[in-house]
Each structure stands twice: as structure tokens, then as C-alpha cells.
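Please examine the structure shown here with attention to its helices. The explanation after it is meant to be read alongside the sequence.

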There are 2 protein chains.
Amino acid sequence: MVVDRLYESVKQKGVVCVGLDTDISYVPEEMAKAASTPGEAVFLFNKAIVDATADVSGCYKVQIAYYESLGLDGMLAYKKTLAYLREKGLIAIADIKRGDIAKTAEMYAKGHFEGDFEADFVTLAPYMGMDSVTPYLPYFKEKNKGCFILVRTSNPGSRDFQYLTTSSGKTIYDTVGAAVQALGQDYMGSCGFSSIGAVIGGTTSEEAETIRREMDKTFFLIPGYGAQGGKAEDIARYLVHGNGGVVNSSRAVLLAYKKHGGTFDEAARAEVLRMRKEIEDACKLLEK
Amino acid sequence: MVVDRLYESVKQKGVVCVGLDTDISYVPEEMAKAASTPGEAVFLFNKAIVDATADVSGCYKVQIAYYESLGLDGMLAYKKTLAYLREKGLIAIADIKRGDIAKTAEMYAKGHFEGDFEADFVTLAPYMGMDSVTPYLPYFKEKNKGCFILVRTSNPGSRDFQYLTTSSGKTIYDTVGAAVQALGQDYMGSCGFSSIGAVIGGTTSEEAETIRREMDKTFFLIPGYGAQGGKAEDIARYLVHGNGGVVNSSRAVLLAYKKHGGTFDEAARAEVLRMRKEIEDACKLLEK
């Protein structure tokens, strides 16, 4: 089960998930100028970030929107970034938030678990229902793949629908969370978590204990740290002894050089180390 | 407003939206063999379908999952298909069902309203909330673009979350529908509908009158006709005098030649004409 691989990686290298949400404007001018295309500049930047952080990051998340925005050239950079992560034996989460059914979902599964755009995990959106997840399932056991399903995000708009209470007294995100945890039972790793994970926004600690308790078998992908305002003490509540989740940071890592100076790759590494320690300390404090 | 263009097109050419969800297995063997790559085969097939149906179809929907499944080669076919539709002055809906926030959504908007993958409309998923739609809005007025937001789908899994009743007594899909219609007020075309449309599954007529009445300013994209089981008499209830919506059919059109014989493009045209008449007749019957 791929979740065991992720769990081990977090144990060895920490909870930080480096988000390769690479806007062309993040790439230092000289590097961008030397590259043949914007996509190539993005790929070379990603490669250097990966080289500088591979031993201190639990995994990588590649946000496909940034690559789609550059058209075919961007999709080539996307392919090359995933291939480089695979070549280095690192874990890649394709942040695609797809959500569709039947044959269409089969096509997405094929697209993102095989061929040019192969990743280890994909993120999925649940609005269409749990049958939008079914077509991915065969890959979890047969090809060692997994997913993270959107449960509770932390943007202001999450209040629009996710926080609505149903007639049974549960919120929509609780209802989705319960469905995710239930489906995950058949895809349990030996680490105690399932290859069917959940995206849980980390900018608030609201009901963190409840969510963690009710979804005790679910590995979390936690976005929102850093640029989006998530604090280490909030995030620690979603982890279990510093594991059972990965904490994504994109801009704060990729743009660390603009804030702290130095070369972009060294600054990124320093930021990953700083963030890892901050979260580790918060976890220790919480367990006291 | 792009919705006026769509409304006019439906008036002139009918409500059928041809879904270019082209699996490589749909392409006749000879055509597939002659093409240099699977993506090229898919594009040549699409081109012939478009040529055969351009004067009798209101618009085209391109399901990106089928192209992502072929990797870079598929994405080139996606680009070429959209470029061909644009070249012929036809309306393209990019069925991408993206749903993300802030900078990520901006990137998707850039990716699908400009450059290689430019389309006229995109489909969006609402789970993260209405701020996942905001980044697309500037394109609606400035670049004559629009969107269709998932409201109620018709797969079995739609019952999982969309049909849940909130404490205010409304279903989730009603709540999303109301938000879509409200946001659409600022993007009204002169045809009486908004450039912010909704995806409403057409395989059931359940509450059709209510949905149509409550979302009276919203243009519908109605999937589910044909292969998925939607009947003309159900679908007619979501239209307003035969307009205000487009009815998608993919497999039934693309694979008409396997069922009825003949060349694939002529069979596709015949199926579009058959379907158009069936829906027109159902609309007339309903208005009696």
C-alpha cells in the first residue's frame, strides 16, 4: 500500500510536503532567461528545488493548474517534473482535484496513474458522490496508488456548502469525512492508515480533535500552512505523533529566497527545515 | 455576453451539444491506423464529426479527461480540437469540472480561457465554495467567456451529498443552485439568461419544474441524454420554449455508426438530427 511508503517517508524525512505550484514569476530572472521556454524554466526550477529538499521533505505535491496555465509547454514541464520525482524515488501527489463519474473518471485515473502524467496519489473532489471515486480503486491495490479526497477546506468559501448542517445534525464535511473513512477500510496499510486519504485545511484548529478522532484511520493532506496563514500549533492537532499527515507549503518554500535572500534552492531547503522543526516542536508541546 | 451567442446558436441550430468525449477505441480502425499517433487519430475523428454536425449542433463539449488519458499526445489533440472549433466559429465548452481557489483558480482560468486550451465556457465544481468561481469572473465580461457550475448531477452517487437536506429544509443542490443564480445576476445576457450557467443532470424529471422555476435566469448544460438514459420528455422540462439549455450527447453520437451502420460522420449527423427532433417534439408536446 502506497500509504505505508508515505508513512515511512514522513517518519524518515518529516511531515513537510513541498508544493511545486510553480508560477513562472517565481523563477529567478537569469534562470528564466536561459531556458528555452517558460515550461522549461519551471521544470529547471522544480528540479533544483527537489534536489535541495529531497532528504528533508516527506513528499511533493504538484498543482496541475500552474502547468495547464502554460498550455502544452506547461504540460511537458508537468510530465518532466513527475518523471524526475519518480526517477529519484520520491512520492508525488498530483493535485488535480478531479471529480467526475464512470468512464470519465476511468479516463482521469488512466491519465494520472499511468503514462506521461503518472503520480502516486491524486486529489479528488467529492461533489458528484462516492461513485466518482470508484474508478480509481483498482489502481490502489494493483498499482500501489492512492488518493486524497477533499473533506474540509479552509478558504472563506468553505462555509458556503461544506459547513452546512444536514437534517441528521452533521455538517456536509463530516458526512463526506465519514464516507471517506468508510471507503478507506478496504485499503488499509500496515501503518494503520488508509491509502484513501483526506484533504483537511490547516488554517484553523476548529474541531481538529473531533475530525482527527472520527477519521482516525485517514491520512491527511493539510494545505494552508505558511502563505495561507496556517499555524504549526493548529496543524499539530491534525497529526498523530507527528505522522498520519503531510503539511503542504508552496509559496513560502518556493519564494523563500525573495524573503530571506540567498539562492532559491538553499533558501527553500532552509524554509523546509524551519517549518519541519516548528511543526515537530508544536507536536511535542501538544503531547506534553 | 457569450450566453447570447449560445442562445442564438441554439435558436438557429438546435439544442444538441455534441460531446467530443472521444475514446481512441471509437475511431474506425482504418482511420486510427493511418494516423501518426492515437491523439492525431482522435483529432481527425473529431474534425470529421464537427464538419458533419456543425450546422445542426448548438455547441460542442470537449471532455478533457479523455485527452489527459493520452498524456501529451492527447493534450495536443485537445488543443487542436478546440482550435478547430474556434476556426469554424463554433462554441466550445471545456468540460474540466475544475474547483479550486485563489491563485490556483486564476491559473485554471488562464489555462482554459487563453492560449493553447482556450474555450468559450468551462464547467466548474462547487465543493470549495463560491470563491472558487470568483477568479473566472473577470473573463466573463472582458473576454466574452462563461461557465457552467455543477448543481445537480444524475449519477447514483449524486444522492450521497447533493440530495442531503440542510437544517433550513433545502437540499444541497438547491442551495448551490440559488448561489449560482444569485451570482449570475451580474452576468446577464440580453437573451434573459446569464453567462453563469448550471449543470443539471437530465436522466430524471424529478423536481424539474421547481428547478427550472427557481433558476429561471440560468442556462443549463444537461448531460445524460442517450447512453446515460435521459429521455426527451424529461429533458424538455429543463428547457424554456426549446432554449435556455443545451443537451449533451457523446457516445450515442460518436458511436452511432456502430449501431446504425454507415460512415461514422454521416451516422453522427443522423443521430444529432434524430435527437434534435425528438427533443423538439417533446418540447411541443409539453407546451400543449
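The following paragraphs treat a pair of helices and then two further helices. This is a predicted model, in which local features need pLDDT of at least 70 and side-chain atom pairs count only at pLDDT 80 or more, while totals for chains, interfaces and linings use all residues. Residues are numbered from 1 along each chain as its sequence is written, and side-chain values use heavy atoms, with hydrogens and water left out.

Two packed helices are described by the angle between their axes and the distance between the axes. In chain A, the axes of helix α3 (residues 38-53) and helix α5 (residues 71-87) come within 8 Å and cross at roughly 20°. α3(A) and α5(A) are therefore roughly parallel to each other (angles under 35 degrees count as such). Where they meet, the residues of α3(A) include A:Phe43 and A:Val50, and those of α5(A) include A:Ala77 and A:Tyr84; contact means heavy atoms within 4.5 Å. By class, this contact of α3(A) with α5(A) has six nonpolar, three polar and five charged residues.

Helix α6 of chain A (residues 102-113) has 12 residues and reaches 16 Å from its first C-alpha to its last, close to the 16 Å expected at 1.5 Å a residue. Among its buried residues are A:Met107, A:Tyr108 and A:Phe113, where buried means under 20% relative accessible area (1.4 Å probe, protein chains only). α6(A) is followed by A:Gly115, whose phi is positive, near 70°.

Helix α9 of chain A (residues 172-184) has 13 residues and reaches 18 Å between its first and last C-alpha, close to the 18 Å expected at 1.5 Å a residue. The buried residues of α9(A) include A:Ile172, A:Val176 and A:Val180.

How values were computed. Chains are lettered from A and ligands numbered from 1 in the order in which they are written. Axes are lines fitted to C-alpha atoms, for helices over the stretch in contact, and angles run from 0 to 180 degrees between N-to-C directions. Helices (H or I, at least four residues) and strands (E, at least two) are DSSP runs, numbered from the N terminus. Angles under 35 degrees count as roughly parallel, over 145 as roughly antiparallel, 65 to 115 as roughly perpendicular and the rest as oblique. Ala, Val, Leu, Ile, Met, Phe, Trp, Tyr, Cys and Pro count as nonpolar, Asp, Glu, Lys and Arg as charged, and the others, Gly among them, as polar. The expected span of a helix is 1.5 Å times one less than its number of residues. Buried means under 20% relative accessible area, exposed over 50%, partly exposed in between (1.4 Å probe, protein chains only).
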